[in-house]
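Here is a short briefing for a first look at this model. Take in the sequence and the structure, then read the points below.

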Amino acid sequence: MSNRRYCFNGIDWIFFVLDGLSRKATGCGTQSQVILRLTGPLGTAQVKERLALFSRLFPVISGRYAKSWGWIPSWSYSGKVIREIPFEDVDCASDQEAMEYLYASVNKPFTHSVEHLRFIHVRTGARAYVSLVFDHCLLDAHGAQYFLWLFHQYYSGLFDPSAQYEPETELLWAGWGAQFAAGKRVACRLSEMMAAGPVKKLSIPKDLSGKKFQFRTEVFSSSQSVRIRENAYSLAGYLMVSPYLLAGSMSVFDEVFARPGKYNEDYVIQVNGDTRSRKFSLRELFFNHHSFFFLRFPGGEPFFTKTFIRKVRRSIYDAMAEGFMRDIAQAARLLRVLPKFKTDQALQSAAQNTFIFSFVNRDIQLNEFCGAKIDGVIHTPRLAVSHGVGVFFSQSDDRFAVTLVFMEGVVSDVEADIFIEKLKNVLLGGI
Amino acid sequence: MTRHEIEQKILFEASRILGGSKIGLDDPFHKMGMDSLALIELMLFVETEFDLKLFDSDLDKEDLETVRILAGTIYERLK
């Protein structure tokens, strides 16, 4: 069967390079994981059998990096799946033990060069968890949720086998002028942002060999989620949940992690956002369809005030109005033609931020999975190694969840626990 | 511009932002999968199309929640 290829877009290429840097530093790449918390266990044998059949529909999952025509970074795959998705079925004594197992699983490298997904089912008595560990070069967070949703559709007999799921390659080797113009705007904006004074950031250990990422998660109940949404609407405005969550995160970060004497340093925050069309498209299932932008705020301010929340909202608006996120996605395509060591340098210098903020909330509503009810969706990504911490929010079936991600040694266990507890209080309490 | 014309423009743009989803004049945006970034996109369209500064004004859910309500808010501002 003939080989197929997908040419990386700029963000795919960034993830591929970050993956290499992460492997070199820690022994494990930029993997991520989406966890579904279920009210009861799955029928393991049936799910395992169906998953094997389902995965055969997507030969792209057993692809690997290649250079097309000698120089274009691509994903190459054959017409059939050559390695099935590993399926782990585990029993744990408690929810805490289950989460510890899943936190460890995302730090475990894939065992083969064409293995990019791992499926885990954990039973804890009354409750169960399902997780998809994924290679961020193949899927992004939304894509991973879509993949699980599609599998649920397949399991339930609702999957349309005639649908087009072959990824649309984003060659785009034309439009150099527009890419350079976007690159120039991004470079100007970033250098302006970085020249404005020192940036508050957490120190990363020099020797990262074998270091793992750690996580703290909180799934909010339905009534707590309603309260958070009402607080956000009243303080930030209708639908303005992101500015509210970001201001809350900054406030708690400042209180828990900011060290004395560093109050004159500003915050630079990387905000991730999705760039794919909001209507679910199978052709946008695989690879990376998000981008990001940066926001800078002076340090030492009271961050959880209506004034500051409105300032965050305005900053997001300005970044959108100026096309910051779109420009970064477009400019990233230029990185594909740089020598790899140059891309490494560019990405390491661009990653000088305080923390990463993300909110996965697009319209895929996962509330049931293969016969079990979902009562929480949690994301536990490994970050790029140069980042200190990440605050990742997700929303599914109107329930919010949050994950604090950090590399071991960057913050202490006690600080991480305090962060989550305070964040919960701040978001639920409002002002 | 009539109220109906404003509604049609907003309806078209909101549907485009939501990936071509069919939406009705009275469907609340939050139930149609619109989030903060999507609403900002819609506000940017409104500001360009109608030459209005809406984002910074103190508008609440009651002024923005559906295509019909938003079009009414714009209509009043344009008068």
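**The open sheet**

In chain A, six strands make an open sheet of mixed pairing, in the order 8-15-14-11-9-10. Strands (E, at least two residues) and helices (H or I, at least four) are DSSP runs numbered from the N terminus. Two strands pair if DSSP finds at least two bridges between them.

- Strand 8 (213-219) and strand 10 (290-297) of chain A are the edge strands, each pairing on one side only.
- From one strand to the next, the twist averages 20 degrees.
- Strand 11 (residues 355-360) and strand 14 (residues 389-396) of chain A run parallel, joined by six bridges.
- Val360(A) has Ser394(A) as its bridge partner in strand 14 of chain A.

**Basis of the model**

This is a predicted model: local features need pLDDT of at least 70, side-chain atom pairs count only at pLDDT 80 or more, and totals for chains, interfaces and linings use all residues. Residues are numbered from 1 along each chain as its sequence is written, chains are lettered from A and ligands numbered from 1 in the order in which they are written, and side-chain values use heavy atoms, leaving out hydrogens and water.

**Helix 7 across the sheet**

- Helix 7 of chain A lies across strands 9 (267-274), 10, 11, 14 and 15 (399-407) of chain A.
- Helix 7 runs at about 150 degrees to strand 11 of chain A; angles, from 0 to 180 degrees, are taken between N-to-C directions of axes fitted to C-alpha atoms, for helices over the stretch in contact.
- Ser251(A) sits in helix 7 (residues 241-256) of chain A.
- Ser251(A) counts as buried because its relative accessibility is 14%; buried means under 20% relative accessible area, exposed over 50% and partly exposed in between (1.4 Å probe, protein chains only).
- Beyond neighbours within four places in sequence, Ser251(A) contacts Phe303(A) and Phe304(A), where contact means heavy atoms within 4.5 Å.

- Ser291(A) belongs to strand 10 of chain A.
- Ser291(A) is buried, at 0% relative accessible area.
- A polar atom of the Ser291(A) side chain lies 2.8 Å from the backbone oxygen of Met325(A).

**Strand 4**

- Strand 4 (residues 72-77) of chain A has six of its six residues buried, so it is largely enclosed by the rest of the structure.
- Ile72(A), Ser74(A) and Ser76(A) are buried on one side, and Pro73(A), Trp75(A) and Tyr77(A) on the other.
- Strand 1 (residues 4-7) of chain A runs antiparallel to strand 4, with four bridges.
- Strand 3 (residues 64-68) of chain A also runs antiparallel to strand 4, with five bridges.

How values were computed
A polar contact is a pair of N or O atoms within 3.5 Å; within protein, one must be able to donate a hydrogen and the other to accept it, and residues adjacent in sequence count only if both atoms are side-chain atoms.
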